[in-house]
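Morning, everyone. I have one structure to go through today, and I will keep to how its parts pack together. Please have a look at it before I start.

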There are 2 protein chains.
Amino acid sequence: MSPTPNPTIIFVSNPQGVPVPGEDLVYRQDITIDIDNEPLNGGILTKTVALGIDIWVRHRMGYEYKPNTPILGYGIGVVLRSENPKFQVGDHVQAPSYREPFAHYAVLSEATASARVLKNDVGLPWTAYLGVLGLAGETAWVGYKAYAEAKNGETIYVSTGAGTVGSVVCQVAKAEGLRVIASAGSDSKVEFLKEIGVDVAFNYKKQDVGTVLKENGGVDIYWDNVGGKALETVMGCMNKYGRIVICGIASEWNVPPTERHGNKSLVLALAKNLTINGFIITDALAKFGDFNFESEVTRLVEEGKMKVRTETSDKLEDAMKMLVDILLGVNEGKGVIMFS
Amino acid sequence: MSPTPNPTIIFVSNPQGVPVPGEDLVYRQDITIDIDNEPLNGGILTKTVALGIDIWVRHRMGYEYKPNTPILGYGIGVVLRSENPKFQVGDHVQAPSYREPFAHYAVLSEATASARVLKNDVGLPWTAYLGVLGLAGETAWVGYKAYAEAKNGETIYVSTGAGTVGSVVCQVAKAEGLRVIASAGSDSKVEFLKEIGVDVAFNYKKQDVGTVLKENGGVDIYWDNVGGKALETVMGCMNKYGRIVICGIASEWNVPPTERHGNKSLVLALAKNLTINGFIITDALAKFGDFNFESEVTRLVEEGKMKVRTETSDKLEDAMKMLVDILLGVNEGKGVIMFS
């Protein structure tokens with residue numbers, strides 16, 4: 001068979017700030033693949049079904065991607081050819097995180113061993129496996145179970161509560177009987193927070209975080225997705241024996257280490273007997289396991305108790321702009337590219 | 001009986017910096033007490049045996065002591081009169097922390113209920129009950145047991161390792177099979193660290209903390225007695241899954257909150273999966289209990305496995321200078337006033 005077009009998003013160079021589509025990242029339509037004959041080396045060849053747009057793509061530009069190779073992310077593909085008996089033609093497969101090329105077709109060779117077949121017996125939309133049942137959902141679930149030490153009746157504050165991680169944390173906390181305060185950066189996101197049951201939802205661009213938290217009696221658990229100045233502010237609002245879970249640094253993803261906000265409130269950890277845990281999901285999984293993530297969260301999704309917002313496009317080239325939107329905080333939901 | 005002289009150290013005012021003896025603190029010889037007739041209101045009257053000089057006396061100047069009342073600290077007295085059946089004449093008694101007046105005689109009324117009688121069946125020097133078996137030792141023991149999550153073979157770094165808290169932590173860690181790195185601010189303190197079995201002892205004024213820690217393969221546990229810039233530096237030297245126990249802020253005891261060092265390394269908590277716990281002993285005790293502190297540490301002291309340095313004076317007025325020395329870091333051991 002003649003070569004098939006395999007449009008791909010190529011990483012050119014690590015930008016100083018927000019990547020510029022067409023410069024730092026390039027959508028290349030001239031790339032092709034020979035579907036029938038491409039060597040698999042014991043791996044599999046997949047046709048991409050969906051790709052998730054995650055903030056970590058930006059971080060990985062700094063240390064992982066090589067110039068003029070595809071961006072690697074988190075996605076789902078359907079198997080067209082397999083040299084590994086674990087995978088059958090037609091299986092839906094998810095590569096390990098950040099091993100899925102942003103392309104229409106992909107050969108997974110080294111990555112194959114730890115790829116997983118998505119059974120999806122209950123027929124959830126595939127987008128679920130990139131959000132609530134993907135890395136973001138797993139991050140929220142495992143991090144919460146491992147570090148929040150939540151007790152019924154306590155108050156949790158979740159920053160970037162309308163993001164996938166944040167909204168899963170909000171809903172898990174709600175299900176466990178906590179009072180949930182969450183913030184987001186647009187009124188429509190605040191509306192979504194109310195829809196998923198958040199008790200106190202507010203737009204941090206319109207209301208002062210410290211004031212809202214103090215008016216609501218302080219915070220027992222802070223799920224920190226932003227870092228920086230906000231983390232310092234919230235430390236001033238923590239109740240005694242509070243727990244802080246550092247999960248993300250949305251406010252400082254593009255700030256060099258020497259320019260980051262200097263937190264002057266660490267002494268409060270002593271005065272208030274605080275516990276601060278930072279984690280990246282792979283490390284937390286290695287230490288704690290997954291707390292039955294897939295089965296538990298699948299059930300919650302089926303029961304309608306776990307919702308996230310998704311923005312989709314059917315054009316791979318939109319991935320570049322969608323990434324920029326996430327970095328600027330102007331996306332309205334989890335970005336997903338759906339392939340027809 | 002005629003009034004007996006009861007020399008006392010009186011708190012005058014909260015200084016900006018290091019308290020000035022004779023101004024912020026005053027040694028008053030003109031105070032007297034009527035030992036036979038002083039009303040006890042259900043409490044006890046004690047003759048002071050020993051008083052400990054603790055850095056927290058300085059902190060309490062800012063929020064606890066009232067002007068023209070005695071400094072309150074941590075001490076031991078022998079009962080001369082008692083209206084509480086829990087205490088017999090001749091008992092050695094320890095008031096709850098920071099309830100013991102810096103005076104030759106004291107009436108403990110409200111404080112009596114939670115005062116404890118020191119049995120001291122094994123005949124340890126009374127100074128032990130102000131150091132290794134006192135609040136400092138308890139802080140080290142309980143904090144270590146509650147938060148270090150130490151595993152055999154790991155490396156701990158203890159700042160101000162030659163202080164009472166630090167040296168107890170060093171020796172507990174050593175007894176549990178850890179590799180111990182500890183620093184102090186004078187060569188004689190470094191010698192003491194070597195005497196108590198510290199594997200890598202260094203003078204932080206002569207050697208760079210970050211360099212020493214990196215040369216020694218990084219740190220799994222950091223026992224932080226100093227806070228500030230040092231804490232930031234050590235965060236850069238932590239190994240994955242490391243634990244930081246924030247126990248003191250020796251570097252910033254006199255710095256207003258807005259002037260404290262801004263820690264730019266909190267993102268490392270995420271990258272390295274760190275756990276940071278701050279605590280004050282009373283809060284930790286309330287949450288975790290005491291891990292058999294008294295019996296376990298008494299045994300270690302008896303076995304010669306737990307040593308601390310002590311500097312004593314038999315003059316109450318020296319307490320002022322000894323406190324200043326601690327605040328300036330020029331003391332050579334735990335300060336104790338012994339009464340004849």
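Buried area is the accessible area, taken with a 1.4 Å probe, that two parts lose on being put together, summed over both. What you are looking at is a predicted model.

With that term in hand, take the two chains. Chain A and chain B bury about 2,800 Å² between them. Of that area, 55% is on carbon and sulfur atoms. In terms of contacts, 33 residues of chain A touch 33 residues of chain B.

How many salt bridges are there between chain A and chain B? The count is two. A:Asp283 forms a salt bridge with B:Lys240, and the closest N and O atoms there are 2.5 Å apart.

Now the helices. Two packed helices are described by the angle between their axes and the distance between the axes. In chain A, start with helix H2, residues 135-148, and helix H3, residues 164-175. Their axes come within 8 Å and cross at roughly 45°. Because of that angle, H2(A) is oblique to H3(A). The crossing of H2(A) past H3(A) is right-handed. On the H2(A) side, the residues that meet H3(A) include A:Ala136, A:Ala140 and A:Tyr144. On the H3(A) side, they include A:Val165, A:Val168 and A:Val172. By class, this contact of H2(A) with H3(A) has nine nonpolar, three polar and no charged residues.

H2(A) also packs against helix H9 of chain A, residues 293-302. Here the angle is about 105° and the axes are 11 Å apart. So H2(A) is roughly perpendicular to H9(A). From H2(A), the contact uses A:Gly137, A:Glu138 and A:Trp141; from H9(A), it uses A:Phe293, A:Glu296, A:Val297 and A:Leu300. These divide into four nonpolar, one polar and two charged.

Last, chain B. The axes of H2(B), residues 135-148, and H9(B), residues 293-302, come within 11 Å and cross at roughly 105°. That angle is why H2(B) counts as roughly perpendicular to H9(B). B:Gly137, B:Glu138 and B:Trp141 of H2(B) make the contact with B:Phe293, B:Glu296, B:Val297 and B:Leu300 of H9(B). By class, that gives four nonpolar, one polar and two charged residues.

That is what I have. Thank you.

Terms used. Residues numbered from 1 in each chain as written. Chains lettered and ligands numbered in written order. Predicted model: local features only at pLDDT ≥ 70, side-chain atom pairs only at ≥ 80, totals over all residues. Heavy atoms only, no water. Axes fitted to C-alpha atoms, helices over the stretch in contact; angles between N-to-C directions. Helix = DSSP H or I, 4+ residues; strand = E, 2+ residues; numbered from the N terminus. Parallel < 35°, antiparallel > 145°, perpendicular 65-115°, else oblique. Left-handed = near helix turned anticlockwise from the far one by under 90°. Contact = heavy atoms within 4.5 Å. Nonpolar A, V, L, I, M, F, W, Y, C, P; charged D, E, K, R; others polar. Salt bridge = Lys/Arg side-chain N within 4 Å of Asp/Glu carboxyl O.
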